[in-house]
Amino acid sequence: MNCCSKRCINLLTFIFAVIIFIQINVLTFIVFNLKNNGISTIQTKEIAIENQEKKAYKETEEWRLIIPKINVSAKIKEGTNGEIINNYIGHFTETPTINGNIGLIAASAGYKENYFSQLKDLVEGDVIIYIIGDNKKEYKVTKNIEIEETDWSHLSNREENILTLITGILEKPESRRCVQAIEI
């Protein structure tokens, strides 16, 4: 074997070792970040179960939100686009539908239906009723705050069963109203 062939083999071996090293580090980084961001195998299984629950829900079944204090009784639809919010309360698809932190959005002004126009009037202890299929749950308001339009932290999943309702604030386009309620 000549000197040039040995160099080529050594260079290829070095390149191969670097590629393996990078792949191992990338996989380690991904696993480390998933664990540090709270995503575990158990949570992944829970997400899969929740997705099955969503699929089990049929459009023909009742999916409704009732807020007696502000005279709201409205159907909920999957999604958050303008067409849905124009007619219904929208469900953030990234959030659960039965257990955990259920995220809902509706308009407060400027749409055909402004179901959350009086959300600001809710106070701690007010009751919210959530119905999906045969499940009827009652929640008690624990929080009614203004948040930045970019703050989605209130929709993160929790162990307790809560509702998170979000709407715009007409006079503050950079802010949102966020009401949270815990299951009774």
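**Around Ile89**

Analyst: Let's start inside. Setting aside neighbours within four places in sequence, Ile89 is in contact with Leu65, Val72, Ala74, Lys75, Ile76, Lys77, Ile84, Leu104, Ile105, Ala106, Tyr115 and Phe116. Keep in mind that this is a predicted model.

User: Which residues have the most contacts inside the largest nonpolar core?
Analyst: They are Leu65, Ile67, Ile89, Ile128 and Tyr130. That core has 25 residues.

User: Which strands supply at least two residues of this core each?
Analyst: β1 (63-67), β2 (72-78), β4 (101-105), β5 (127-132), β6, β7 and β8 each do.

User: What about another core, apart from it?
Analyst: There is one, of 6 residues. Among them are Phe92, Ile105, Ala107 and Leu155.

User: Let's zoom out. How many helices and strands are in the protein chain?
Analyst: The protein chain has 3 helices and 8 strands. From the N terminus on, the order is α-α-β-β-α-β-β-β-β-β-β.

User: And how much of the chain counts as buried?
Analyst: Of its 184 residues, 33%. The chain exposes about 11600 Å².

User: What share of the contacts with a separation of 6 or more comes from residues 24 or more positions apart?
Analyst: Those residues account for 57% of such contacts in the protein chain.

User: Now the strands. How do β7 and β8 pair?
Analyst: Strand β7 (residues 162-169) pairs with β8 in the antiparallel sense, over 8 bridges. The two form a hairpin, with 2 residues between them.

User: Which residues sit across from each other there? What is the bridge partner of Leu165?
Analyst: Val179 in β8 is the partner of Leu165. Further, Thr167 stands opposite Arg177 in β8.

User: Why is β7 called largely enclosed by the rest of the structure?
Analyst: Because 7 of its 8 residues are buried.

User: Switching to aromatics. How many aromatic pairs are there?
Analyst: The count comes to 2 aromatic pairs. In one of them, the rings of Phe92 and Trp152 have their centres 5.9 Å apart and their planes at 65°, so the pair is edge-to-face.

User: Where in the chain are those two?
Analyst: In distant parts, 60 residues apart. Phe92 is in the loop between β3 (89-91) and β4. Trp152 is in the loop between β6 and β7.

User: Phe92 first: buried or exposed?
Analyst: Phe92 is buried, because its relative accessible area is 8% and the cut-off for buried is under 20%. Trp152 counts as partly exposed, at 44% relative accessibility.

User: And how are the rings of Tyr130 and Tyr139 placed?
Analyst: Their centres are 6.5 Å apart and their planes are at 85°, so this pair is also edge-to-face. Both Tyr130 and Tyr139 are buried. Recall that Tyr130 is among the residues with the most contacts inside the largest nonpolar core.

User: Which residue lies over the face of Tyr88?
Analyst: Lys77 does, at 5.1 Å from the ring centre.

User: Last topic: loops. What is the phi of Asn71?
Analyst: Near 55°, a positive value in a residue other than glycine. Most residues other than glycine have a negative phi. Asn71 is found in the loop between β1 and β2. Asn71 is exposed, with a relative accessible area of 72%.

User: Where is Gly110?
Analyst: In the loop between β4 and β5. Gly110 is exposed, with a relative accessible area of 78%.

User: What separates the C-alpha atoms of Gly110 and Asn86?
Analyst: A distance of 8.8 Å. Along the chain, the two residues are 24 residues apart.

Terms used: Residues numbered from 1 in each chain as written. Predicted model: local features only at pLDDT ≥ 70, side-chain atom pairs only at ≥ 80, totals over all residues. Heavy atoms only, no water. Helix = DSSP H or I, 4+ residues; strand = E, 2+ residues; numbered from the N terminus. Buried < 20%, exposed > 50% of the residue type's maximum accessible area, 1.4 Å probe, protein only. Contact = heavy atoms within 4.5 Å. Areas by Shrake-Rupley, 256 points an atom, 1.4 Å probe, with all protein chains shown as cover. Pairing = 2+ DSSP bridges. Core = buried A, V, L, I, M, F, W, Y, C linked by side-chain atoms within 4.5 Å. Phe/Tyr/Trp six-rings, centres within 6.5 Å; stacked < 30°, edge-to-face > 60°. Lys NZ or Arg CZ within 6 Å of the ring centre and 35° of its normal.
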